[in-house]
Amino acid sequence: MNSILVLVRKDFSLFLRDRTSIVLTFVVPFALIYLMGQVFGVNSSSPGPSGIPVAVVNQSDNPAAARLVDALKAEKTFKVLTQFVNDDKTTRPLAEEDLRPLMRANNFRFALVIPKDVIRVDGIGIHLKTYSNPRNEIEAQTVIGILQKTIFSRVPELLGQSLQARARAYLGDERLDQFNSSVASAVAGAFGGDTSTIKADMSEGELGLRRLGGDDASAPAQGDAGVFSRIVRVDNVQVAGTGVKSPAATLLVGGWAMQFLLFAVTASATALFSERDQGIFQRVLSGPVSRADILWSKFIYGICLGLLQLVVLFFAGHVLYGIEIGGQLGLLVVVCVFAAAACTSFGMLIAAVSPTPESARGIATFVILLMSAVGGAWFPVSFMPEFIQRFSRLTLVYWSVEGFSQVLWARATLAELLPTLGYLALITALVMGVAIWRFRKGRIFE
Amino acid sequence: MTPSAPLLSANGVVKRFGSITALDGVSLDIAPGEFFGLLGPNGAGKSTFMSLVAGLRPLDGGVLTVDGAGVAAGSTKARQALGLVPQHIALYEDLSAEGNLRIFGELYGLHGAALRDRVSHVLEAVQLADRGKDLVKTFSGGMQRRLNLAAALLHKPRLLLCDEPTVGVDPQSRNAIFDYLQELNRAGMTVIYSTHYMEEATRLCSRIGIIDHGRILALGTIDELLTKLPFDEEVRFPATPDTAALAGKLAANGELATVDGIHRFRPKPGFPMSSFYMLTEELGLPPRLFTSQRPTLEALFLQLTGRVLRE
């Protein structure tokens with residue numbers, strides 16, 4: 001055991017003298033975690049995209065159309081452009097014919113035209129026109145989805161006006177007026193209010209939808225506060241993570257930490273090649289040290305380094321994003337140890353199956369990136385196709401990230417963690433078994 | 001063990017790598033206190049033999065013991081008894097000299113004051129005491145070689161295995177290494193020194209084994225080995241038209257080889273050198289053309305291992 005501890009200490013001494021390794025193990029993942037946290041708005045008070053340029057051309061004289069433009073301007077997702085800047089720096093309202101050349105010049109990728117006939121007379125609904133030059137599908141769907149949400153949640157009278165216009169087409173002005181008078185009278189009789197005011201509101205399309213959605217039309221649309229959430233009430237009961245500040249940060253920190261841990265322990269394992277080539281194994285093995293001692297020392301060093309890295313990065317996550325690790329530190333350490341053991345066995349396997357250090361680095365880079373991607377280190381596994389999700393469960397990254405989430409998000413107990421730890425232990429045992437078998441067959445110690 | 005028992009004993013040692021037989025029944029004994037040279041061309045089996053003695057590889061046949069213990073079994077006794085100076089600079093270049101020595105010392109169970117004392121002692125011995133705190137990668141090749149030797153001496157081995165320990169070393173460092181090895185040998189340490197440099201073997205070794213193709217071809221002291229040469233003297237003279245007639249007459253009386261424009265004549269037993277000099281007088285060749293040399297280890301080495309280039 002003394003030999004193993006000496007060799008572990010030797011590896012740490014070498015690690016601490018290698019600034020590149022230290023930076024790659026601690027600083028780079030920390031920086032990437034911070035960067036990705038900013039990119040994905042982790043813990044932001046208003047998450048989601050913001051400032052997407054959208055040109056708006058309002059050709060309608062309907063007051064609701066002007067309110068729609070105001071509502072879009074209030075929506076943080078968009079940066080609404082309504083003015084065309086002439087060569088002499090003077091401005092004028094954007095016209096529809098301006099849109100194509102400006103979009104081709106990449107001034108913006110989306111435009112909304114509110115036509116004169118915004119209220120359709122040939123059917124129920126409103127008539128809008130969009131121009132798009134989507135660089136990617138997700139961006140296009142996001143923009144169109146938020147446009148729809150804003151229109152229907154913030155300017156619901158457009159829908160009311162559409163219904164009034166359709167009714168007018170079927171009933172005619174006189175009979176519609178009688179219908180509105182009857183409904184206004186019935187509403188005033190049942191719920192109170194002034195019959196003429198209610199009738200005037202109905203004529204303008206105000207069917208009470210605004211009051212369902214809130215009266216402040218200028219306020220940004222806020223999902224559940226929208227009109228449709230009032231019509232269809234959904235009570236969400238959160239079964240895990242109640243009060244946990246930052247579930248996204250748990251995934252972010254755990255995922256990226258795992259990826260860089262895999263790189264770190266693989267680099268450590270592939271150092272076996274240089275120790276062989278330098279003749280150090282000859283010297284060490286000619287003394288009272290066995291091959292098993294060397295492999296055990298690498299394994300223990302990998303676990304210690306991984307534990308250190310994961311704990312440091314989760315503490316960084318605590319500082320950056322408020323990940324709550326205090327009450328779960330013990331279980332977090334347990335998961336970190338199992339995750340680090342699995343990572344280390346992977347590094348040992350790479351060293352065992354590779355004929356040269358160069359090939360080891362190549363194989364490791366490919367497999368680590370692949371495993372990180374499908375294992376959920378970069379984004380949730382549930383976003384992936386089903387067959388990839390099945391493959392995910394074969395990766396140590398998946399079970400490690402799952403373990404981190406269980407501890408930090410679901411506040412799982414040790415008993416609840418056991419299956420995940422079991423999978424990690426199984427992966428470690430299998431991978432390490434193959435690695436040892438390959439080491440015995442190979443010539444790394446000769 | 002009795003004092004006369006060999007410290008290292010090899011009996012019919014065989015080692016194969018696939019279809020290649022690297023050692024083919026090597027047998028030799030090395031007594032305590034010997035400075036034994038293992039001499040052979042590249043690929044002769046020197047390093048393979050050293051690695052078997054060091055317990056780095058299993059034997060495929062025969063018996064090999066160090067201090068009475070079989071090395072094939074990975075005996076702790078055998079491992080504690082020997083120190084290996086590998087052919088490579090087997091050091092961690094990103095650690096200091098002291099850092100390296102501490103690690104290797106601890107692997108042999110040295111700790112605390114004993115370890116500190118040994119580290120200081122070996123650094124002093126290889127003249128690196130003032131560079132102990134420096135990183136190995138800042139050392140010259142010669143300094144690294146000296147430290148490579150020092151690392152094998154921390155646990156005071158009884159048997160030191162030096163596998164071509166002076167490759168790429170400047171003359172000053174080589175001399176320092178030789179002096180220190182001789183000092184260690186005088187103090188009682190047994191040394192096995194593998195090399196293909198004749199002058200190293202001649203200077204250092206009390207007994208030499210010449211190995212090639214995995215077999216020991218000759219074994220003994222230098223004087224004993226030189227008696228194996230079938231001539232007592234070698235005469236060299238330029239291969240010119242003037243000496244062509246002489247060369248023609250000598251061919252029947254010994255071995256005549258021409259290397260780089262020089263004739264090398266080794267008389268066969270019974271051919272007196274006086275006859276040779278009478279021939280030169282008859283042909284009117286001046287004495288200054290001729291140089292005479294006693295048999296050398298190199299001559300024996302080339303005779304035994306041939307002149308065909310290796311590798």
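Reader: At what angle do helix α1 (residues 2–17) of chain A and α12(A) pack?
Author: The two axes are 8 Å apart, where an axis is a line fitted to C-alpha atoms, for helices over the stretch in contact, and angles run from 0 to 180 degrees between N-to-C directions. Helices (H or I, at least four residues) and strands (E, at least two) are DSSP runs, numbered from the N terminus. For α1(A) and α12(A) the packing angle is about 50°.

Reader: What kind of model is this?
Author: Residues are numbered from 1 along each chain as its sequence is written, while chains are lettered from A and ligands numbered from 1 in the order in which they are written. Local features need pLDDT of at least 70, side-chain atom pairs count only at pLDDT 80 or more, and totals for chains, interfaces and linings use all residues; the model is predicted.

Reader: Which word describes how α1(A) lies to α12(A)?
Author: Angles under 35 degrees count as roughly parallel, over 145 as roughly antiparallel, 65 to 115 as roughly perpendicular and the rest as oblique. The angle between α1(A) and α12(A) is about 50°. Therefore α1(A) is, relative to α12(A), oblique.

Reader: Is the crossing of α1(A) and α12(A) left-handed or right-handed?
Author: A crossing is left-handed if the near helix is turned anticlockwise from the far one by less than a right angle, and right-handed if clockwise. By that rule, α1(A) and α12(A) cross in a way that is right-handed.

Reader: How many residues of the contact of α1(A) with α12(A) are nonpolar?
Author: Contact means that the C-beta atoms of two residues, placed from the backbone, lie within 7 Å. Among the residues making it are A:Ile4, A:Leu7 and A:Phe12 of α1(A), and A:Trp296, A:Ile300 and A:Leu305 of α12(A). Ala, Val, Leu, Ile, Met, Phe, Trp, Tyr, Cys and Pro count as nonpolar, Asp, Glu, Lys and Arg as charged, and the others, Gly among them, as polar. Two residues of this contact are polar and two charged, and the number of nonpolar ones is 11.

Reader: How far does helix α12 (residues 291–321) of chain A reach from its first C-alpha to its last?
Author: The expected span is 1.5 Å times one less than the number of residues. With 31 residues, α12(A) is expected to span 45 Å, and its reach is close to that, at 44 Å.

Reader: Which residue follows α12(A)?
Author: The phi of this residue is positive, near 70°. The residue after α12(A) is A:Gly322.

Reader: At roughly what angle do α16 (residues 396–408) and α17 (residues 414–441) of chain A cross?
Author: Their axes come within 10 Å, and α16(A) passes α17(A) in a left-handed crossing. Residues that meet there include A:Trp399 and A:Val407 in α16(A) and A:Leu421 and A:Ile427 in α17(A). The contact has eight nonpolar, four polar and two charged residues. The helices are roughly antiparallel, with a crossing angle of roughly 155°.

Reader: What is the strand order in the open sheet of four strands in chain A?
Author: Strands pair if DSSP finds at least two bridges between them. Strands β2 (78–81) and β6 (129–132) of chain A each pair on one side only, as edge strands. Neighbouring strands are turned by 25° against each other on average, direction ignored. The pairing is mixed, and the order is β2-β1-β5-β6.

Reader: In β5(A), which residue is the bridge partner of A:Val56?
Author: Strands β1 (residues 52–58) and β5 (residues 110–114) of chain A run parallel, joined by five bridges. Within β5(A), A:Val56 is partnered by A:Leu112.

Reader: At about what angle does helix α3 (residues 63–74) of chain A run to β1(A)?
Author: Helix α3 of chain A lies across β1, β2 and β5. Another helix, α4 (residues 96–104), lies across β1, β5 and β6 of chain A at about 160° to β1(A). For α3 of chain A, the angle to β1(A) is about 170°.

Reader: Which residue takes a positive phi in the hairpin of β12(B) and β13(B)?
Author: Six bridges join these antiparallel strands, and B:Val259 stands opposite B:Ile262. Two residues lie between the strands, and the positive phi, near 55°, belongs to B:Asp260.

Reader: Which element gives the most to the side of chain B that touches chain A?
Author: On this side, 24 residues of chain B are in contact with 19 residues of chain A. The residues from chain B divide into 14 nonpolar, six polar and four charged. With five residues, the element giving the most is α3(B).
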